[in-house]
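Reader: Hi! I'd like to walk through this structure with you before I set anything up. Could you put it on screen?

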Amino acid sequence: MSDPILIDSLDFANQRRHMAGAIALVDLPRTHDLLAHTEGELSWSLEGGKDALSRPTLHLRLAGEFSLVCQRCLTPMPFRLEADSTLTLFTNEARLESACEDDDTLDAVMADPAFDVLALIEDEVLLGLPMAPRHAHCEADIRPAGSGKPNPFAALAALKRKPE
């Protein structure tokens with residue numbers, strides 16, 4: 001398990017800092033139940049900056065291949081995740097709520113002197129993975145109702161119809 005990557009989010013944004021790396025999928029424990037296996041890694045980058053209103057922001061980019069379980073045939077299926085999101089930072093809860101009311105597309109969080117980057121990455125992965133992944137066309141042998149073995153009640157129906 002990787003150690004957390006902690007930053008002062010407000011300072012990181014105001015100084016327009018940048019960091020990038022890769023994280024093993026095994027180090028994203030909240031995703032394990034959604035994955036067929038935890039092999040592989042996810043690349044990420046985080047960049048501080050300002051938005052059009054000069055508010056501090058964190059811009060996160062993610063890219064990686066995941067192996068999910070198809071909910072139709074229950075076999076592994078590849079899924080490519082590419083995410084690009086921007087979080088606006090606030091130091092005042094009332095301003096954050098007001099900004100979110102004014103702009104329902106705004107992703108906003110409170111600035112934190114011990115902001116956990118790995119938790120942010122895992123949150124974005126969870127938001128980016130499909131709820132019920134499915135192959136476009138499953139290879140599973142799915143038989144429509146009525147095919148396969150004969151219905152045992154059909155033999156009884158035939159006996160009932162025979163004259164004695």
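Author: Happy to. One term before we start: two strands pair if DSSP finds at least two bridges between them. Also keep in mind that this is a predicted model.

Reader: Good to know. In what sense do strand 4 and strand 5 pair, and over how many bridges?

Author: The sense is antiparallel, and there are 13 bridges. Strand 4 covers residues 56-69 and strand 5 covers residues 76-90.

Reader: What about strand 5 and strand 6, parallel or antiparallel?

Author: That pairing is parallel, over 3 bridges, with strand 6 at residues 108-110. Here leucine 89 faces valine 109 of strand 6.

Reader: Let me zoom out. How many helices and strands does the protein have?

Author: The count is 4 helices and 7 strands. Reading from the N terminus, the order is β-α-β-β-β-β-α-β-β-α-α.

Reader: Now the inside. Which residues have the most contacts in the largest nonpolar core?

Author: Those are Leu42, Leu46, Leu62, Phe66, Ile121 and Val125, in a core of 29 residues. Two or more core residues come from each of these elements: helix 1 (9-14), strand 3 (41-50), strand 4, strand 5 and helix 3 (117-128). In soluble globular proteins, nonpolar side chains tend to be buried together.

Reader: Take leucine 42. What is in contact with it, beyond its sequence neighbours?

Author: With neighbours within four places left out, the list includes Leu62, Phe66, Ile121 and Val125. Leucine 42 also contacts Gly21, Ala22, Ile23, Leu25 and Leu28, as well as Ala63 and Gly64.

Reader: Switching to cysteines, how many disulfides does a search of the whole structure find?

Author: It finds 0. For cysteine 73, the nearest cysteine sulfur belongs to cysteine 70 and is 3.7 Å away. A disulfide needs the two sulfurs within 2.5 Å, so cysteine 73 is in none.

Reader: Is cysteine 70 buried or exposed?

Author: Buried, because its relative accessible area is 0% and the cut-off is under 20%. Cysteine 73, at 14%, is buried too.

Reader: Where is cysteine 70, and what does it touch?

Author: Cysteine 70 is in the loop between strand 4 and strand 5. Setting aside residues up to four places away, cysteine 70 touches Thr75, Met77, Pro133, Arg134, His135 and Cys138. Its C-alpha is 9.8 Å from that of alanine 136, which is 66 residues apart from it along the chain.

Reader: I see arginine 72 in that loop as well. What does its side chain reach?

Author: Arginine 72 does lie in the loop between strand 4 and strand 5. Its side chain reaches the backbone oxygen of histidine 135 at 3.1 Å. Past its sequence neighbours within four places, arginine 72 is in contact with Arg134, His135, Ala136 and Cys138. Arginine 72 is partly exposed, with a relative accessible area of 40%.

Reader: Great, thanks for the tour!

Technical notes:
Residues numbered from 1 in each chain as written. Predicted model: local features only at pLDDT ≥ 70, side-chain atom pairs only at ≥ 80, totals over all residues. Heavy atoms only, no water. Buried < 20%, exposed > 50% of the residue type's maximum accessible area, 1.4 Å probe, protein only. Core = buried A, V, L, I, M, F, W, Y, C linked by side-chain atoms within 4.5 Å. Contact = heavy atoms within 4.5 Å. Polar contact = N/O pair within 3.5 Å; in protein donor to acceptor, adjacent residues only side chain to side chain.
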